[in-house]
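This report starts from a single residue and then widens to the whole chain. Please keep the sequence and the 3D view open as you read.

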Amino acid sequence: MKRRAVIFTAAAAAVFSFCAFHYENAAVFVGHITGKPSVVLDPGHGGIDGGALSSDGTSEKNINLNIAMLLRERLKKEGITVIMTRTEDRGLYGGNEEGAIRSLKTRDMKERRAVIDSSECDLAVSIHLNSFTQDETVKGAQVFYSGGGGNTVAKKSRNAAELLQNKLNRNINEDKKRSELEKNDVFLLQDPVCPTVIVECGFLSNPREAERLKRRSYQKKISTSLAEGISEYICKNSVKDCKNTVSEDRRQKVK
Ligand SMILES: [Zn+2]
């Protein structure tokens, strides 16, 4: 979740960002009417904030977005309403990119929280890539969950993290299993309204893993793993009846 600031000006993009934000909020409203399970996907960083960097200069922001967009398609096929915090290479600044980088980042994080908190979603999944330059051999996908938000939310967050971690361990962490971890010092995970997890899909600081993360086929493998975990979570935890929303074969597998 390392952040890197790059100077940029984009008045036209600001107008579009504003429209896109309201369009995505419309999906929240639709989700409430239909009573379908809903998931917020939050591709980390964007716009001036590239996030973690690989040694060849690849930033996490676009890989996060690719994985989230692939995941969105998978979940929609399962009958799950998906709300995105962003669908473009941009931060969430409410249509105004003026101001110091630090204050823009604060505004961005608050907007992401506002989307999640107002959605009344069944689960919020924030997608990131990790970096640990002190040791380039460190690798693997890991899920972090919030221990806050009251007992029910905390329990569901932990359960979602466990299910997602299991799928990632089975599908992409073949030679290095990881464990889900509670983390409460990140703004997004502090007293959430919805059960919330952050998925760090791999380490950009590991050159071999960075190469894999850049590949579309690997991004698909990650999104498939996350879709499987989310579907299982929805069936196990949603107060809504999953039999009307999640495909029959998936339901059979979950039982
Ligand atoms: Zn990040």
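## A residue in strand 6

Thr196 lies in strand 6. Helices (H or I, at least four residues) and strands (E, at least two) are DSSP runs, numbered from the N terminus. This is a predicted model: local features need pLDDT of at least 70, side-chain atom pairs count only at pLDDT 80 or more, and totals for chains, interfaces and linings use all residues. Residues are numbered from 1 along each chain as its sequence is written.

Is Thr196 buried or exposed? Thr196 counts as buried because it has 32 C-beta neighbours inside 10 Å. The cut-offs are these: a residue is buried if 20 or more other C-beta atoms lie within 10 Å of its own, exposed if 12 or fewer, and partly exposed in between, with C-beta atoms placed from the backbone. Leaving out residues up to four places away in sequence, Thr196 touches Ile116, Ala124, Ser146, Ser157, Leu188 and Leu189. Two residues are in contact if their C-beta atoms, placed from the backbone, lie within 7 Å. Thr196 and Gly149 are 47 residues apart in sequence, yet their C-alpha atoms are 9.4 Å apart in space.

## The whole chain

The protein has seven helices and six strands. From the N terminus on, the order is α-β-α-β-α-β-β-α-β-β-α-α-α. Of its 255 residues, 46% count as buried. Take the contacts with a separation of 6 or more: residues 24 or more positions apart account for 77% of them.

Thr152 is found in helix 4. Thr152 counts as exposed because it has 10 C-beta neighbours inside 10 Å. Thr152 and Cys194 are 42 residues apart in sequence and 9.7 Å apart in space, C-alpha to C-alpha. Lys214 is in helix 5 (residues 207–214). Lys214 counts as partly exposed, because 16 C-beta neighbours lie inside 10 Å. Beyond its neighbours within four places in sequence, Lys214 is in contact with Thr58 and Ile63.

How far does helix 4 reach? Its end C-alpha atoms are 30 Å apart, which agrees with the 30 Å that its 21 residues should span at 1.5 Å a residue. The expected span is 1.5 Å times one less than the number of residues. Buried residues of helix 4 include Ala154, Ser157, Ala160, Leu164 and Leu168. The buried residues of helix 4 pack against strand 3, strand 4 (142–145), strand 6 and helix 6.

Two packed helices are described by the angle between their axes and the distance between the axes. The axes of helix 4 (residues 151–171) and helix 6 (residues 216–237) come within 8 Å and cross at roughly 145°. Axes are lines fitted to C-alpha atoms, for helices over the stretch in contact, and angles run from 0 to 180 degrees between N-to-C directions. Among the residues that meet are Leu163, Leu164 and Lys167 in helix 4, and Leu226, Gly229 and Tyr233 in helix 6. The residues of this contact divide into six nonpolar, five polar and five charged. Here Ala, Val, Leu, Ile, Met, Phe, Trp, Tyr, Cys and Pro count as nonpolar, Asp, Glu, Lys and Arg as charged, and the others, Gly among them, as polar.

Helix 3 (residues 101–119) has 19 residues. It reaches 27 Å from its first C-alpha to its last, close to the 27 Å expected. Its buried residues include Leu104, Asp108, Arg112 and Ile116.

Most residues other than glycine have a negative phi. Glu120 sits in the loop between helix 3 and strand 3 (123–130). It counts as partly exposed because it has 13 C-beta neighbours inside 10 Å. Asp191 also has a positive phi, of about 45°, although it is not a glycine. Asp191 lies in the loop between strand 5 (181–182) and strand 6 (196–203). With 14 other C-beta atoms within 10 Å, Asp191 is partly exposed.
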